[in-house]
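Subject: Structure handover

Hello,

Please find the structure below. My notes on what was found in it follow.

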Amino acid sequence: VHLVESGGGLVQPGGSLRLSCAASGSIFSINVMGWYRQAPGKERELVALITYDSTTNYADSVKGRFIISRDNAKDTAYLQMNSLKPEDTAVYYCYVHAILNYWGQGTQVTVSS
C-alpha cells in the first residue's frame with residue numbers, strides 16, 4: 001500500500017491550503033481515511049477522520065475551519081484547511097485504515113507571515 005500526499009506549503013495566517021492523499025496498491029477495502037499532524041517538540045495528534053460512508057470526526061482545534069472529504073472511487077482523501085493559524089504549522093500525515101493501519105510520508109504545512 002502506498003500513500004501519496006500533496007498540497008502542503010507556506011501560507012500566511014488566514015489563508016487556505018488543500019491537502020490530498022491518494023492510496024494505491026493492494027487495498028481490499030479502505031474503512032477510514034484521515035489526517036494527523038505533528039508539530040516540533042509535540043506528539044502526533046488527530047486532525048480529522050472520515051469513514052467510508054462519510055462520517056467525519058474533527059479535532060476541536062480545527063472544527064469550523066477544516067473540511068475533510070473523500071472520493072471512494074479514487075481512494076483519495078482531501079483536507080480543505082481554511083482560516084489557517086500559526087499554530088496549525090506542522091507536518092501533516094495521511095492515515096488509512098484498511099484492516100491494517102498505513103501512514104503517508106508527511107507533508108509540511110507552515111503558516112507564517
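**The disulfide**

Cys-21 and Cys-94 are both buried (under 20% relative accessible area, with a 1.4 Å probe and protein chains only; exposed is over 50%, partly exposed in between). This is a predicted model, in which local features need pLDDT of at least 70 and side-chain atom pairs pLDDT 80 or more, while totals for chains, interfaces and linings use all residues. Residues are numbered from 1 along each chain as its sequence is written, and side-chain values use heavy atoms, without hydrogens and water.

A search of the whole structure gives 1 disulfide (a pair of cysteine sulfur atoms within 2.5 Å). It joins Cys-21 to Cys-94, with an S to S distance of 1.9 Å. Cys-21 is in strand 3 (residues 17-24) and Cys-94 in strand 9 (residues 90-98), so the pair ties together parts 73 residues apart in sequence. The torsion about the S-S bond is about -80°, so the disulfide is left-handed.

**The fold**

The protein has 11 strands and 0 helices (DSSP runs numbered from the N terminus: E of at least two residues for strands, H or I of at least four for helices). The radius of gyration is 13 Å, close to the 13 Å that the globule rule gives for 113 residues, so the protein is as compact as a globular protein of that length (taken over C-alpha atoms; the rule is 2.2 Å times the number of residues to the power 0.38). Of the 113 residues, 42% count as buried.

Regards
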